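Welcome to this guided tour.

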Amino acid sequence: CMGYDGDVYRGYVIDDKTMSQIKMGSSAEQTLVVLGTPSTTSTVGGDAWYYISQKTERKLAFMQPTITDQRIFAVYFDKNKKVQRIANYGLEDGKVINFLDRTTPTAGGETSFLKNMMQNLLRFS
Amino acid sequence: QQIVVQGSQRVDAETIRSYFGGTDEGRINQAVKDLYATGLFADVKVRREGGRIVVAVVENSIINRVAFEGNSKIKSDSLIPEVQSKSRGAYNPATVQADIERIKDLYRRAGRGAATVSSRTVALPNGRLDVVFTIAEGGKTGVRDIEFTGNHAYSSYRLRNLMQTTEMNWLSFFKNTDVYDPDKISADLEIIRRFYLKNGYADFRIVSNDARYDEAREGWIITIGVDEGAQYRVSSVNVESRIADIDPAVLRSNVRLKEGDVYNGDLVEKSVEGITREVARKGYAFSSARPRGDRNPAAQTIALSFVVEEGPRVYIERIVVKGNTRTRDYVIRREFDIGEGDAYNRVLIERAERRLNNLGFFKKVRITNEPGSSPDRVVVVVDVEDQPTGSFGISGGYSTTDGVIGEVSVSESNFQGRGQFVRVATTLGQRTRGIDFSFTEPYFMGYRMSAGFDLFAKQTLNSVYSVYESRTFGGALRAGIPITDEISLGVRYSLYYTKISIPNDINRPYNDCVFPIPGITPGPYNAGNPPPPGTVLTCVSNGEASVAIKDAALRARTISMPGYSLIYNTLDNAKNPTSGAYAELRQDVAGLGGNARFVKSTGEIRYYYPIFEDVVGFVKLQGGNLFGFGGNKPGVLDNFNLGPSLVRGFAPGGIGPRDVSSGLDNRSAGLGGTTYFGATAEVQFPIYGLPKEVGMKGALFVDAGTLYGYKGKTEFNQALFLPPGTPCQPTLFTSTGVAYTQSNCINVRDEHKIRASVGASIIWASPLGPIRFDYAIPFSKVKDQYVGGVYQGGDVTQYFRFSGGGTF
Amino acid sequence: CSTIESFNPFGGEKYETKLLADEPAEDIYDQGLVRLQKRDHDGAAKKFGELEKQFPFSQWSRKGLIMIAYSNYEGQKYDEALSAAKRYVGLYPSTPETPYAYYLAGMSMYNQIPDITRDQERAEEAVKIFSQLIEKFPKSEYVEEAKYKMNVARDQLAGKEMSVGRFYLGRKNYTAAINRFREVLGKYQTTRHAEEALYRLTEAYLALGITNEAQTAAAVLGHNYPDGQWYKDAYTLLAGGGLSPAESQGSWISRLFRRA
């Protein structure tokens with residue numbers, strides 16, 4: 001609102017003209033040429049490609065960007081790499097999840113407060 | 001044929017024979033060459049003697065030790081690895097000669113080009129020898145002078161000032177910026193090139209740059225040839241868009257140059273950035289703007305055009321952070337607006353690089369691209385090098401208000417690599433003692449919002465300008481919220497306890513009218529017992545705190561004060577700005593608990609403008625207001641108590657309403673006021689003639705301002721232990737006009753007159769920190785006066801002020 | 001800084017003749033060992049250095065070199081230890097001590113591995129050196145420990161991928177997060193983080209709304225780590241969304257695990 005450049009496009013840049021060129025039965029190579037490498041593929045063999053794009057908006061500089069639009073263009077291929085199914089997921093499909101903050105513990109301990117302060121001092125040039 | 005070896009001692013004959021592949025002429029010559037190449041032999045001769053080949057060799061002797069004498073600049077341990085002659089190695093005159101050149105080269109690079117090196121050998125009883133290098137280091141050979149050819153628009157003095165490398169002068173003993181270093185020179189040339197591009201010289205070229213060593217003057221003469229070309233003005237500006245539905249007119253607003261302006265390289269770069277960001281916001285993440293200038297040399301004009309075109313559709317596959325041995329990965333990654341999987345956009349990457357550099361945690365930040373796993377993927381590699389961000393500050397300082405100050409502070413701006421700022425500082429001074437601790441987390445809870453807290457304890461002793469001592473301790477919680485790149489909001493809550501006390505002892509009898517000190521306080525005189533005529537010394541005349549201050553000293557105060565500040569900041573450089581503006585509005589409300597109830601609001605606007613070359617003009621406006629609420633009248637401690645910060649040339653607390661009831665010395669009777677306004681106009685300029693690295697700047701200024709509006713109580717019975725409701729008692733004076741009793745009411749002299757002064761100052765960026773000398777003469781002030789025979793003091797002036805030291 | 005140096009009062013250094021006796025190699029070697037006992041690692045490294053320099057191309061210089069690596073390693077001067085060990089491996093690729101040199105080089109890197117939020121270059125280096133040791137000297141007595149240490153280093157590398165993945169997950173950049181967690185499943189499948197990576201994929205796919213991928217990830221998680229806390233969380237997550245973890249055979253995740 002304050003004229004701040006808040007809204008930023010993230011992920012795949014969607015434009016409907018090229019999207020419409022992908023039809024049932026077109027080959028994987030064709031899709032690759034037209035749409036480019038997918039944001040992420042869901043099979044090792046590449047039998048489902050996802051093109052994920054998000055529009056995020058940040059009203060004020062300090063806020064976390066909020067997703068205002070999220071579109072996923074999914075292309076599913078059959079055994080011999082022909083487009084079998086196309087699906088579009090929108091923002092409404094996504095579930096709101098609060099992500100667990102438990103993490104798998106890793107090595108490399110935290111340096112204590114004082115050690116850290118002293119360590120820097122001894123090294124000041 | 002058989003080969004006989006003569007004269008070999010340490011090297012056994014067999015190895016020498018093995019060098020001879022055969023006995024024909026060619027093989028023999030080759031063998032001789034190889035034997036010499038080993039460096040073990042001084043002389044090799046081959047002759048045929050009766051069908052046999054005799055190889056007479058003279059072995060090089062073995063070096064016992066390599067020693068140096070006469071060197072102090074470069075120590076022997078650092079010279080030994082540089083020379084090829086090694087102890088226990090073979091002595092070879094050719095290697096020694098090469099070593100001499102090597103040592104000379106080392107000295108030239110260390111700024112001692114005139115050094116002479118000679119070598120000699122010392123034979124030893126065990127058949128070995130020592131190689132001794134004798135060095136005469138000679139005087140310091142830096143850059144004698146830097147000359148420019150072909151510069152008409154700007155003087156050589158001006159261009160030299162831009163450069164890091166400086167000429168030798170009487171300061172050479174201290175500095176090392178005058179040492180000849182080719183890398184620094186090339187960096188200087190880039191600075192000069194950008195300077196010319198910034199001032200309209202689009203065709204600027206550096207034609208020649210040669211450094212000649214002048215034996216006579218024992219130094220380097222650097223000559224830089226420049227071809228300035230014409231100073232171009234912008235004839236037309238237009239924006240072309242090769243992308244169908246982007247309307248160029250919309251992008252015009254981002255162009256920072258208009259017709260008639262002088263061409264400016266930096267502003268072109270900024271315009272490109274603005275346009276690219278605007279286009280990216282419209283969803284064309286891959287496009288970017290490309291500047292093009294069609295020169296018209298005759299009219300010396302440039303037609304500027306920005307071409308917006310679709311870039312390659314490339315996405316970022318991964319952002320790899322390397323080299324961060326201390327800073328944590330997410331502290332670096334969060335400075336990027338774009339992430340993995342997003343469209344690659346050069347402008348946003350450069351912005352992240354700028355942000356990372358501004359953090360101050362890294363010696364080097366280099367962002368490069370590597371090809372990704374498919375043609376339209378790129379891996380962004382962020383290579384950083386941590387630098388020590390801890391600083392240990394010891395600084396001395398002197399200011400006329402606080403006397404001599406010493407401060408020891410330890411701060412760490414990248415604490416545990418998390419980007420947090422921690423600072424502990426203790427201040428020891430003649431008149432102030434204190435300790436404060438502050439902590440700031442720049443990304444509170446993942447938001448780009450800084451949050452932190454401070455704890456402080458401070459004790460101030462009395463001084464010429466304040467008759468009371470104060471003890472304060474407390475803390476504050478604060479948060480800084482950036483609204484846009486320029487505007488930010490600060491929110492804080494501070495809670496502190498403060499208690500003042502009035503010293504009442506032999507040499508500071510400031511309360512002896514109420515608590516007489518036997519043997520010191522004259523009298524006690526009162527209405528019933530007037531002092532003998534001609535008395536000069538009374539309990540008031542030996543310095544007495546105003547009854548308003550005695551009242552404030554009665555009880556401690558806890559102040560619980562939430563507040564906010566709105567800051568607009570476009571200064572180009574925080575430490576010494578040359579352009580841009582800074583505006584701040586602060587409001588604090590004391591009264592959320594605690595026993596003080598007032599609303600204090602202050603405002604300040606500073607505007608810097610580069611008038612000419614290095615001369616900077618600077619205008620400042622400031623103002624403030626304070627009012628009590630809930631029946632609470634703001635007293636002495638709440639009021640604004642201003643002096644030099646409002647108008648230079650006045651003593652601390654020297655401006656504003658005064659208690660003139662005692663008819664005597666009023667330096668310490670300032671009551672402060674509730675409203676103030678001030679304005680300053682200043683011009684800062686380098687002091688010509690002084691070499692740049694001394695870091696001296698001069699300034700001329702005019703200050704004006706006023707402080708008025710005492711809204712506090714005027715009756716203070718409690719302070720004099722009088723029953724409440726006692727009417728005002730007049731102050732009683734001796735025949736010679738000296739007061740000998742203290743009234744329970746104050747007589748406030750509160751004038752709205754504008755105080756003003758004109759003055760000059762010297763600002764010195766000394767190795768101990770910035771030091772500033774101000775000399776100002778007030779030409780409009782509230783003067784002393786006599787009303788009904790009673791003396792009433794006016795403003796207190798103090799022409800000279802000096803403050804310095806302190807960590808920055 | 002240069003100012004203090006410039007007026008150093010002693011003037012130049014003086015020269016006086018000093019005879020350097022030639023010591024036999026054995027004595028220098030023993031002196032080195034003595035210093036090692038006294039834990040004077042720097043002194044020992046210097047002594048073995050002399051040994052190596054004075055008797056080039058002899059078995060003494062080879063012995064000296066490996067001892068330099070060992071002394072520096074004990075003195076925790078890991079960079080010097082690494083360079084000495086690497087020089088040894090370069091000069092003497094197949095001697096009885098070469099596996100030990102590899103081991104010393106690997107351990108010098110291993111001991112400098114920082115926590116996961118910092119540059120893991122040393123972890124990568126340790127993995128590379130240990131794998132060379134295992135490959136070149138399968139029967140050496142150090143292979144056992146090298147295998148173990150290599151897995152710890154790989155776990156550290158997986159930990160870093162996970163931390164960056166979680167960073168992007170927190171900022172709702174699901175593409176970046178998914179690709180990072182896939183990297184863990186692809187390259188570090190045998191580390192402990194694979195379990196959490198599967199759970200995080202469930203979260204990310206659900207947030208995107210691609211439910212069949214989320215179900216598959218949770219199903220594989222259940223299949224391989226049935227009694228882990230992560231699977232329980234994944235189950236409740238999917239149940240919340242009204243879905244049960246059904247494995248769609250075609251999905252890459254199941255095929256990836258079947259292959260492992």
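Start by selecting α8 of chain C, a helix of 28 residues whose end C-alpha atoms are 40 Å apart; at 1.5 Å a residue it should span 40 Å, so the two values agree. (The expected span is 1.5 Å times one less than the number of residues in the helix; helices, H or I with at least four residues, and strands, E with at least two, are DSSP runs numbered from the N terminus.)

Before moving on, two notes on what you are looking at. This is a predicted model, in which local features need pLDDT of at least 70 and side-chain atom pairs count only at pLDDT 80 or more, while totals for chains, interfaces and linings use all residues. Residues are numbered from 1 along each chain as its sequence is written, chains are lettered from A and ligands numbered from 1 in the order in which they are written, and side-chain values use heavy atoms, with hydrogens and water left out.

**Stop 1: around the helix**

Is α8(C) largely enclosed or largely open? Of its 28 residues, 21 are buried, so the rest of the structure largely encloses α8(C). (Buried means under 20% relative accessible area, exposed over 50%, and partly exposed in between, using a 1.4 Å probe and protein chains only.) Now step past the end of the helix to K172(C), which follows α8(C) and has a positive phi, near 65 degrees.

Show the whole of chain C next. You will find 13 helices and zero strands. Of its 260 residues, 55% count as buried.

**Stop 2: the cores**

Select Y50(A), I332(B), F336(B), V380(B), V382(B), F48(C) and F130(C): these have the most contacts inside the largest nonpolar core, which has 108 residues. Helix α8 of chain C, residues 143-170, gives the most to this core, with 11 residues. (A nonpolar core is a set of buried Ala, Val, Leu, Ile, Met, Phe, Trp, Tyr and Cys residues joined through side-chain atoms within 4.5 Å.) A second, separate core has 22 residues, including Y232(B), V237(B), I302(B) and L304(B).

Go back to V380(B) and display what surrounds it. Leaving aside neighbours within four places in sequence, V380(B) is in contact with I316(B), R318(B), I319(B), V320(B), Y344(B), I349(B), I367(B), T368(B) and N369(B). (Contact means heavy atoms within 4.5 Å.)

**Stop 3: empty spaces**

Rolling a probe the size of a water molecule over the atoms shows where empty space is left. How many cavities of 30 Å³ or more does a search of the whole structure find? The search finds four. (On a 1 Å grid over the protein atoms alone, a cavity is a set of points where a 1.4 Å probe fits but cannot get out, and a pocket is an open set with protein on both sides within 12 Å along at least five of seven lines; lining residues have an atom within 4 Å of a point. Grid points are joined across faces, edges and corners, and a volume is the space filled by probe spheres set on the points.)

The second largest cavity has a volume of about 70 Å³. To see its lining, select R10(A), R333(B), F336(B), D337(B), I338(B), G339(B), D342(B), F167(C), Y168(C), R171(C) and N173(C).

For the second largest pocket, with a volume of about 2,100 Å³, select K458(B), Y468(B), L637(B), N639(B) and N641(B), which lie nearest its centre among 49 lining residues. Strand β22(B) gives the largest share of this lining, five residues.

**Stop 4: loops**

In chain A, look at the loop between β4 (66-77) and β5 (83-89), where K81(A) lies. K81(A) has a positive phi of about 60 degrees although it is not a glycine, and is partly exposed at 32% relative accessible area.

In chain C, find R39(C) in the loop between α2 (25-37) and α3 (41-54). Its phi is also positive, near 60 degrees, and R39(C) is exposed, with a relative accessible area of 53%.

Finish in chain B with A285(B), in the loop between α8 (265-281) and β11 (288-296). Is A285(B) buried or exposed? At 10% relative accessibility, A285(B) counts as buried. Residues it touches, not counting those up to four places away in sequence, include V13(A) and Y344(B).
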